[in-house]
Amino acid sequence: MSCLRFARLFLFWFGLLFCLSHSSVQAQITADWVFYGGKVLTANTDDPANFTVVQAVAIYDGKFVVVGTDQQALAVAGPNTRRVNLRARTVLPGLVHTHLHVHNQTPAHHLRDEIHPGMTDRGLRWTTKEEGLAKLRSMAQGKEPGGWIVVPVEGEGDLDEGDDLAGAPTLAELDQVFPDRPVSLVLADRFAIVNSRALNMMLERYPNGVPEIVRGPDGKPTGLLRNAAGRTIGEFYPALTPRRVAELAPYYKKELEEPAARGVTTLSTRMDQVSLRMYQYLAKTDDLPVRIAYGDQSGTFHPLSDAIYFGAPQLAGVGHPWLWNAGISPGPQDRGGPVGCTHKPYPENDSSFPQWRGHPFGPNGTCFMEEDPVSPILRGSILAAARHGFSLVGTHQTGDRTIDDYLEVLEEADRLYGGIADRRFSIDHCYYLSEEQAQRAARLGVSPSCQPPAPLNDAERTAFGAYRALYGLEVAGDVVVPFQRMVRLGMKPSIHCESHRGWDFACMQYAITRKDNKDGRVWGPQQRINRRQALYGYTRWAAWHTHQENKIGSIEVGKWGDLVVIDKDFLEIDEDQIAQINPLLTIAGGKVTYSEPNFASSVGLPSVGFRAPANWWNR
Ligand SMILES: [Zn+2]
């Protein structure tokens, strides 16, 4: 057959197939929703300067089937179609929030009087040793002999360190009270204080030990387990039963109503295994109000992360439409507030940062990437992730020095295993990114998820002020969340507003103006981006960060039907008013996940979702 004939034949069959599929779609569909008479910002082009604005969309079976004129959308409406006249209101793609730890917020907000998942008993307030031990004793009563006590403990002061717990018991003291059952007091950050029964279980499985089993001057374990050890002991706690998951999952659903009220239809977060079980249950029962892209924490500070990542391959972007893997989260890379590990020591007497007095996190913050025994584990897990095809997401690198350390490991991973540029390893928060670092990051295909330092009315107390104290005002303005730099280098920075009660439109405004409402100071005007770029930071570019850019992040035919109707004109409103935008209706996959009551009744829809007083949100 001649080439020409082949081509003709091919085109014929291809054309026939196309016509058939096209006409059958048109003929059969009766849309579930038609939104018309609006100003729909589709974010459908790679360049934010020229996306299409349309009047109407239709959604069928959770997906956009028409994006165009009122006439085109209404043509697929039938008797059961819900039609919403937008009356010239603006519609955005559902917001994609790339760093929000809803699972950590759930127990604090909804399970205060419940036994937290993975624990055996209700949380314990620790005041004195005697009282604490007495409470533990009474917990043991009625429990089967030899059974675990795993209890979250709260006390005064900063519990991150565990040993700061006033009157914390030692391993010997816990052994005295509980000679024949394993006990673990779980502190903040999953640090733990355990007795010998518990400790020995771990040492039997890991005869060579686990880093950060804290030892006293005599070389014997004190009972305190930090990072790696504090997490690894969790392997031995009683398993979460399916029944318990079913009981607790509704609370996890409840917490997700808050981001839905912010206009969020997808969020990304690192996630522990216990929480993941909750969201898996909700995904299976079709009960998630927000899609979740998660960073798997199973290898966090784990001595065997290479084995874990080898044994459980999870390709980023693969999973359930409401719950998919976005990479692995091997643990935070620095600590110290509000910036982490820095090249220059924190000044001890800066009036904005009394927390630096005495250098509680060390003069340069805590550098997990450099300090033994965490450093080899952390570097090892990043390399293991690269080796087994993972991406890294949802941890944070806040210090200027941490960024250098992190980029150095990524470069090493690229030399050893290749392909890093395609993986979208993330940098979270972007509190420091110099021109040189940003260029390295861009070469490595890094996906930045950036937090404009909140709140809008006191930048001095945030990373801006911290880097001002370290390197001066000029530098701080130029390196803290430098959106313009990242965009210029062809990166796709996403924007997030991490705090609970954070308001995403306020973070968008800050990315656009960089203006502190308190004193009017603009921090680094050269790093401002325009509102279209900020919109992409919360939609199209953020979708790329979650590895789901073919399904979310813009309003296009075939993509999942996620949108938010807002009460102001995003393209025309004064820049200083963007924080005052309110969602009126959030739709995810064709489900109403939030509706503002007045708007809902005006268009005949039910009033759905989270309710809060007007001053609830930080804006
Ligand atoms: Zn975080």
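Apart from its neighbours within four places in sequence, Val-480 is in contact (C-beta atoms, placed from the backbone, within 7 Å) with Tyr-431, Tyr-432, Pro-453, Ala-463, Phe-464, Tyr-467 and Trp-523. The model is predicted: local features require pLDDT of at least 70 and side-chain atom pairs pLDDT 80 or more, while totals for chains, interfaces and linings use all residues. Residue numbers start from 1 along each chain as its sequence is written.

Val-480, Val-57, Ala-58 and Tyr-467 touch the most other members of the largest nonpolar core, which has 169 residues. Such a core is a set of buried Ala, Val, Leu, Ile, Met, Phe, Trp, Tyr and Cys residues joined through C-beta atoms within 7 Å, where buried denotes 20 or more other C-beta atoms within 10 Å of the residue's own. Helix α11 (residues 374-387) supplies the largest share, eight residues; helices are DSSP runs of H or I with at least four residues, and strands are runs of E with at least two, numbered from the N terminus. Because domain 1 (119-236) and domain 2 (250-330 + 377-555) both contribute residues, the core lies between them.

The domain bounds come from an automatic or database domain assignment. The centres of the two domains, taken over C-alpha atoms, are separated by 33 Å. Seven residues from domain 1 and five residues from domain 2 form the contact.

Six strands make up an open sheet of mixed pairing, in the order β9-β10-β11-β12-β14-β13; pairing requires at least two DSSP bridges between strands. The edge strands, β9 (124-125) and β13 (213-215), each pair on one side only. Strand β13 runs antiparallel to β14 (residues 221-225), joined by two bridges, and Arg-215 stands opposite Pro-221 in β14.

Conventions
Two residues are in contact if their C-beta atoms, placed from the backbone, lie within 7 Å. A residue is buried if 20 or more other C-beta atoms lie within 10 Å of its own, exposed if 12 or fewer, and partly exposed in between; C-beta atoms are placed from the backbone.
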